[in-house]
Structures are given as structure tokens and as C-alpha cells.
Amino acid sequence: ALIRESFRQGSKGNVQDFRVLGAPWGFELSDIRTPVTVWSGSEDTYAPPSEAADLVRRLPNAQLKGVLGEGHFSLPPAKIMEILEPFRSFDA
């Protein structure tokens, strides 16, 4: 249902997503100095834990938060309060 909905109004949006994902970003991950937390569910088949671990290795100031039993779409609602906790004191 999710995939069908993403194509409901045509394929242009999906094509653009893949263009952006496959194009050079204009910077190296090693240039990112901001602290980053990468969340990864042990059951994620879209972005497997091995890819999350590789991303963390490439970011100089990153930590990995692995969550047993969660997948790509189940992890955010299961851990939303913990994911958003660092932003509670953010003063714009």
C-alpha cells in the first residue's frame, strides 16, 4: 500500500528521490562535525544494521543506537520520545 500510494500521482517524485540519493552530495561524510545519532532497528530490511554501522564509521562524531526487534517503519513510533529528546531544549 505504501509503494502504491507513492506512485498514485505519477512517478516523478520517486524518480527525483532516486536521482538525489544517487547523485554526489557535494560534501564528504567525514566533513560533518555535528554530533549525529544514527538509529537502527535489528529487523530493518530497507537500511540494514550493517549499513547503519558503516555510516557511523564514516561520520566523525556519530553514535549508533541499535534497537532490537524494530524495523525501518516500526522503530520511529516505538522510540519517538527518545529520538526527539535531544531537541527538547533546542532554542530557535
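Colleague: Is aspartate 54 buried, partly exposed or exposed?
Modeller: Aspartate 54 counts as partly exposed, because its relative accessibility is 33%. On this scale, buried means under 20% relative accessible area and exposed over 50%, with partly exposed in between (1.4 Å probe, protein chains only). Please note that this is a predicted model: local features need pLDDT of at least 70, side-chain atom pairs count only at pLDDT 80 or more, and totals for chains, interfaces and linings use all residues. Residues are numbered from 1 along each chain as its sequence is written, and side-chain values use heavy atoms, with hydrogens and water left out.

Colleague: Which side chain meets aspartate 54 in a salt bridge?
Modeller: The partner is arginine 58, at 3.8 Å from N to O. A salt bridge here is a side-chain nitrogen of Lys or Arg within 4 Å of a carboxyl oxygen of Asp or Glu. Both residues lie in helix α3, 4 residues apart, which is about one turn of the helix. Helices (H or I, at least four residues) and strands (E, at least two) are DSSP runs, numbered from the N terminus. Arginine 58 is also partly exposed, because its relative accessibility is 45%.

Colleague: How many salt bridges are there by this rule?
Modeller: The count comes to 6. One of them joins the side chains of lysine 79 and glutamate 82 at 3.8 Å, N to O. These two are 3 residues apart in helix α4 (residues 75–84), so about one helical turn separates them. Lysine 79 is partly exposed because its relative accessibility is 27%, and glutamate 82 is partly exposed because its relative accessible area is 37%.

Colleague: What about glutamate 85?
Modeller: Glutamate 85 forms a salt bridge with arginine 88, at 3.6 Å from N to O. At 40% relative accessibility glutamate 85 counts as partly exposed, whereas arginine 88, at 65%, counts as exposed. Elsewhere, salt bridges that share partners join Asp54, Arg57 and Arg58 into one network.

Colleague: Let us turn to aspartate 44. Where does it lie?
Modeller: Aspartate 44 is in the loop between β1 (36–41) and α3 (49–58). It is buried yet has no salt bridge, and the nearest side chain of opposite charge, lysine 79, is 15 Å away. For charge, Lys and Arg count as positive and Asp and Glu as negative, while His and the chain ends are not counted.

Colleague: Then what does the side chain of aspartate 44 reach?
Modeller: Its side chain reaches the backbone nitrogen of alanine 47 at 2.8 Å. A polar contact of 2.9 Å also joins the side chains of aspartate 44 and histidine 72. A polar contact is a pair of N or O atoms within 3.5 Å; within protein, one must be able to donate a hydrogen and the other to accept it, and residues adjacent in sequence count only if both atoms are side-chain atoms.

Colleague: And where is histidine 72?
Modeller: Histidine 72 lies in the loop between β2 (62–67) and α4. It is partly exposed because its relative accessibility is 35%. Leaving aside neighbours within four places in sequence, histidine 72 is in contact (heavy atoms within 4.5 Å) with Asp44, Tyr46 and Ala47. The C-alpha atoms of histidine 72 and tryptophan 39, 33 residues apart along the chain, are separated by 9.6 Å.
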